[in-house]
Each structure stands twice: as C-alpha cells, then as structure tokens.
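We will go stop by stop, and each stop tells you what to pick next.

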Amino acid sequence: MTTNLGSTQYTAAVAGEITPEMEFVATREKLPAETIRSEVAAGRMVIPANKVHLAGRLEPMCIGIAAKCKINANIGNSAVTSNVAEELEKLHVSVHYGADTVMDLSTGKDIDNIRKAIIEASPVPIGTVPIYQMLEELGGNIEDMRAQHFLDMVEHQAKQGVDYMTIHCGVLLEHLHLTVERVTGIVSRGGSLIAKWMMAHRKQNPLYEAFDDLCDIMRQYDVTWSLGDGLRPGSIADASDAAQFAELDVLGKLCKRGWERGTQVMVEGPGHIPMDQIDMNIKKQIEVCHGAPFYVLGPLVTDIAPGYDHITSAIGAAMAGWSGAAMLCYVTPKEHLGLPNREDVKQGVIAYKIAAHAADVARRRPGAQERDDALSRARFGFDWNEQFRLSLDPETARSYHDETLPQDTFKSAHFCSMCGPKYCSMRITEDIRKMAAESGENELVQLK
C-alpha cells in the first residue's frame, strides 16, 4: 500500500479521496469507507501510516471516536537494561495479545538499531518520543539543544518509518510557574526536559516556535502528530489544574495549525485523574481540540498501589474510553518502579484490552458484543474449550481451570472446581428447564 509523495491521509480525505489504507481500515472496523474518509477529513480520526513503514509490514489501522477504542503498548530499553532481542520479544508479546500500536521509548544505547529492528518486524504502527534519542546524542545535556538538532532527529526517525511522534510543543515558558505548587511537579520526561531548556535559556519552547517546520517534515512522510501533554498531572492531587489546562489550550490551537499544513493530529492526555473528573477531562479535550482523537495514559484513579498500577489505571482507562477517548496507553505493573519485562508487558496489554473492549461494548461499536455473547453461550453450554478459545488470554484461562481438573474428561463436565457437581447454578438451571419441558407444559411461563 502506498500513497503519493507529498500527500497524507488527511489531505487525501479532504480532497474526497478514499485511499487504499482507508479501505483496509474500513474492513477492519466494519464501517463504510466513506465514514472513514469523512472522519479523517474532519480531523476526528487518524491513520498512523508512515510511507516508509507502509512499504514494509504495516497493516493500516485507525484511531478515532467513530472506531473501536485502541490501546498502545510502550516498550524500549533504558540506560540500565535491555537489548534488541528483549525489545523484539516485547513487541511480539504486545502484538500477540492485541496492542493496536507500540511506542519505542528507548532511552539508552543502540537506539537506532533497536528501532530499525522494531519497525521492520512490526505490523502495527510504531510511535516514538524523538527528544529521547536527540538527548542521547547530545550526551544528556538538554541545555545544548538547538531547534535544528530536534528537526534533524524528527526527519531521521521519519526516514526510518516511525508512524507517529510525541512532541511537546505545547509547554510554554509562561506555563512553568503554574507547576510550582504541584505535589509531583512535571512528570513528563519530554515536558521536564523542555522546561529545563527554557529555564536555562529564558526563551520560549523551541519546538513550539519550530512547529511549522516540524509539520513540513511530518507531512512529507505522513507521520502523525501525537501532541504531547508535557504538563499532565502525575498525581491525583495535581489533576485538572491550571497548568494542565493552559497547555491543553495551546494544543487546541496547534491542532488547527497541523491540519492547515496537511498533517494528521492526535492529542495526548493525563495521567492521574480521580474518577469523578475523568468524564469532564475527556469532554473538555474534545471541545478544546476540535474533536481531534484523544490518547490518554491511563488515567490512574488512585496513587496508592505501586505494583498494581495496571489495575488502578485500567479502571480509569475504561471510563475514559466510555467518555470518548480514542486510544488508551497501557500501564504495566512496573509503572513508577522499573523497566517492564515480557510478563509486565503482557499484563499491561491484557488489562487495557479489557478496558478498551468494555468501552466498545458500552459505546455499542459494531460487533463489539459478539464475542461476549459467544463466550456466554459457551459458558452456559459447559463448552470449556470454546471458552478458552474466546478468552483474551486462552493460556491463562485454561491453566486456571486445569489446576484442579486437568483431565480431558472434565473439558465436557457440567461443573468446575468452584461449585462442584451439586452447586453449579447453570447446571441447576438446565435441570429446571428440563423439568419444565418434561411436564408437557411451559411451567416457567405460567409461573411468570
């Protein structure tokens, strides 16, 4: 699949063209191709598909309110640990368990080789945060950055095939005083780096000032903007504060500028938000950013569960998806504690597939409930193998069942080890229906 050089999915959609990528996405989403085109043209949907990656293994997908809720998995090495083989294994686990996109957040050595291997192996869009590699090349001294350093890195990663990039253009010098009283300050790595640069030079954010030049690079390769939320709250105490919303107002203006220059745009969101503020946050973003797809991290609804933040965040993610978030960035059990390994990645992806699917069922997305209904029928029919097959994680479902009843004969038994043969409510329901049928009349209807 290819698109003409100089055009993007957005410019094609605005011109009334249905691209092959839009056709592919329409089939995946069970939506008319014209719906996909019109949503992309309106800026409410993006198809992250770098032209370089399209020439490789990429299978186009979409992110937008009209489509199913998507999830992203973060992988990548650090200065402390991991290598190419480990990151490719994390990529495989992410895609196997259903991640719709994967971000390479590598911050250590050998970043280029790791990303090259990931892009070549990935059928899903790959995202990055370019400032990480740029900082590595500057020896860790953000004060030495010049705008051209960043522009060069964005172009370098675009040439590699990166499909979307998180860039913190919305953190402005005049916003920094708003973070002084925060409990956790600036928790975005990219946001904190830009803030440090601005304080060191007492100048405006160079990425904000270079926005139009960045758009030109993004458009050439059709890299999708992921406008970073550098001032997102990192604790529920800081949620929905003046700093967060000051940046959001800037991002809303940048959405329009990105569209005017022919690029695809989505917007990143918080962070840590208590449950009662999630719906407001999602709806405010949709309004301020003119319907651009919202890509949220979590949000975590409480801060007291290190080691279980895939759960605290999946609660918020399901609520955010129900309120209109288009993509959910997973959180693993290692969040705030360390670099995720293979098992952490799996746990994060599964938690977020549950959250996204729950949102799709609530939003009545086409076909979303079919799998639920099929599994429920298999459960009531005691078809254990079919239950396993339809599960998000068949291996775990089967292993839990087989811990106590491993023999093949129990794969057709009308009970499990929870209730045993005498207390299974579904088996008792079968008996009740059989009694009604044998009586020669529909006693259940009469009782009603």
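Select H2, helix H5 (84-96), helix H15 (342-362), helix H16 (370-380), helix H17 (384-390), helix H18 (394-402) and helix H20 (425-438): each gives at least two residues to the lining of the largest pocket. Helices are DSSP runs of H or I with at least four residues, strands are runs of E with at least two, and both are numbered from the N terminus. This is a predicted model, where local features need pLDDT of at least 70 and side-chain atom pairs count only at pLDDT 80 or more, while totals for chains, interfaces and linings use all residues. Residues are numbered from 1 along each chain as its sequence is written, and side-chain values use heavy atoms, leaving out hydrogens and water.

Now colour H16, which supplies the largest share of that lining, six residues. By class, the lining has 27 nonpolar (Ala, Val, Leu, Ile, Met, Phe, Trp, Tyr, Cys and Pro), nine polar (the others, Gly among them) and 13 charged residues (Asp, Glu, Lys and Arg).

Next, stay with H2 (residues 20-29) and pick Glu-21, Met-22, Val-25, Ala-26 and Glu-29, its buried residues (under 20% relative accessible area, 1.4 Å probe, protein chains only). They sit on the same side of H2, because they cover an arc of only 140° around the axis (taken from the directions from the helix axis to the C-beta atoms).

What do the buried residues of H2 pack against? Show helix H1 (9-14), helix H3 (33-41), helix H4 (51-54) and strand E3 (70-75) to see these partners, with contact meaning heavy atoms within 4.5 Å. Finish at Lys-30, which follows H2 and has a positive phi, near 60°.

Terms used:
Buried < 20%, exposed > 50% of the residue type's maximum accessible area, 1.4 Å probe, protein only.
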